[in-house]
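Let's walk through this structure together, starting where its chains meet and then turning to what lies inside them.

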Amino acid sequence: MGKLLVEDKTIVTPGEELAEGMDFLPAEGTFRDKDKIISSGLGLVNINGRVIKTIPVAGRYAPKKGDVIIAKVTNILMSGWILDIDSAYSAVLSVKEAKDFIRRDADLTKYYNIGDYIVTDVVMVTSQRLVDASMKGPGMRKLIGGRIIKVNTHKVPRIIGKKGSMVSMIKNATGCNILVGQNGLVWINGSPENEIIVVKTIKKIEQEAHIGGLTDRIKTFLEKETNKKINIEKVE
Amino acid sequence: MSYTKRNDGRKFDETRAIEAKAGVIKRADGSAYFKIGKTVAYAAVYGPREIHPKFLQNPKNGKLRCFYNMMPFSSIGERVRPGANRRAKEIAMVTEKALLPVVDISKSPNSVIDVFIELPQTDAGTRCAGICAASMALADAGISMNGMVAAVSIGRVDDKLVVDLDYSEESYEDGTVADIPIAVVSRTEEISLLQMDGELSRDDLKKAIEMAKKACSKIDKIQRDALKKKYEVKNG
C-alpha cells in the first residue's frame, strides 16, 4: 500500500518526494522515479484520489490551445501579424483568421497596427511552440483606450474567480471594463480614479492569492476604496 | 606543524553560517540570495525567453545560459575588473554544467533561460555560493526541474580535510592546501561539479566527496525552506 509523504495544498520544491508506492499516479508537475512520485517544480500539491499533481505558482506563460489572451502587435507580415504574447514565443495571426474578410492587396495596418493590443484566441501550438492565433469567435477584438497591466499568469484563475465572480465583483464596484488574458495581461478601461483602484485590487489579489478567504478580503478592500457597499451574488 | 584548530573556530565538518532568501529581485522571473559566511551571491533568472542571436536557437532543447560576475568592490584589497574575464567565463561554464542535470530544457525549445550570478562580497567559495543561489532562483522562476543542486567546497588544509574553506584557509601559508568545489544533486546524490585545485590522495578525495554529500544535504534543506518561506501564509 502506498503512502503519502506530503499534505494536500502545501508548497513543494523541485525534487521533493510526494508519495511512495505504485498505486499513486503522477500528473502535471510530477514524475515517477521507481516507486516514488517526485515534484518537478515549485508549486502547490493537489491530491485527487490517486492522482497527484503540482500547480505551479511561478513561471512565464506557456501558450496553450484554447486560451484567450491579450496580445500586442509587434510586426506585420505579408500574410498576417506577429503578436507579442508575453511568453518565450510569439504568435502569428494570419489574415485568414482576422475578424472579417481582407482582400489580398489591403493595407494590413488599417486593421491592426504595430503597438495595438488585441484580445485573441490561441488556436494551435506546435511541438516547436509555433503559436497560431485567431480573431474568429465572440469577444475577440482590438482594445481601444484603457490601460494594460501585467500579472503572474498562474494567478489569473484567482483574479477571475469561480465562474468569473471575482472579476465581476471588481467590475460592479468600480464600473470599469476589465478583460483578463490567460497570459497574465489585464486590460482595464474606466475613469482614471477607478482604474487605479482596479490596479491596486488586482495587485492585492496577485500577492495574496494563495491565502484563504480571498473573496471576503477583496470585498472589504473594495468597499474601503470605493466607499460603497457591495453585495456578492452567491455562485453555486 | 599541523592544522589543529580552524581559524574561525569552526568544527572541521561545519560550514559557515548560511542565510538564504528567494524572490529578492523584483523584475526578474526568479531570484535568490545566498550568503555563506562572508560570501554573498545573488542570482537572477530570466526566461524562458526568446534567444538572441537567433542562430543559437535549438528546436529540440532550450538553452541554459549562465553569467558569473564579481563586483568591483567585492574582493579583499584590489578592485576586481568587472565583466567576463577568463576566470569568470570558466566559472559560468561549470555553473551551467552543474545545473544542467536538474533543469528540464526540453520543455522550452528554441528559447533561453538566462541565469545571472552577481557577487557583491566574496570570501572564497564563490562558485559554490553562486550555484546554490542559481538553483534556488531557477526553482523560484517556476522552471521545470527534477531536483535541486547544492554546492560546497571541501579542502585539505595541511593534513586536515575541512568543509567550506574561507579565504584565510585557502591562502594558508604553513602547509599545502587543496580546494575541491563539489556540487551535489539532491535526492539522487549525483555529483554535477567536481574541480580540484592542489594535490589530494585518492582516499582523501573519497572522504571529501562523502563530506560534501553530508554538507550539501544540509544546504539543500536551507534552500528549500527559503523557497517555501516566500509562500508562507502570514497570519493576520
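Where the two chains touch, chain B contributes 29 residues and chain A 19 residues, a contact being two residues whose C-beta atoms, placed from the backbone, lie within 7 Å. On the side of chain B that touches chain A, at least two residues each come from strand S3 (39–50), helix H2 (126–140) and helix H4 (202–230) of chain B. S3(B) gives the most, with four residues. Helices (H or I, at least four residues) and strands (E, at least two) are DSSP runs, numbered from the N terminus.

Keep in mind that this is a predicted model, in which local features need pLDDT of at least 70 and side-chain atom pairs count only at pLDDT 80 or more, while totals for chains, interfaces and linings use all residues. Residues are numbered from 1 along each chain as its sequence is written, and chains are lettered from A and ligands numbered from 1 in the order in which they are written. Chain A has a mean pLDDT (the predictor's confidence in each residue, from 0 to 100) of 92, with 97% of its residues at 70 or more.

Now look inside. The largest nonpolar core has 74 residues, and Ala43(B), Val115(B), Ala133(B) and Ala151(B) have the most contacts inside it. Such a core is a set of buried Ala, Val, Leu, Ile, Met, Phe, Trp, Tyr and Cys residues joined through C-beta atoms within 7 Å; buried means that 20 or more other C-beta atoms lie within 10 Å of a residue's own. H2(B) gives the most to this core, with ten residues. A second, separate core of 40 residues includes Val151(A), Ile170(A), Ile178(A) and Ile197(A).

Conventions:
A residue is buried if 20 or more other C-beta atoms lie within 10 Å of its own, exposed if 12 or fewer, and partly exposed in between; C-beta atoms are placed from the backbone.
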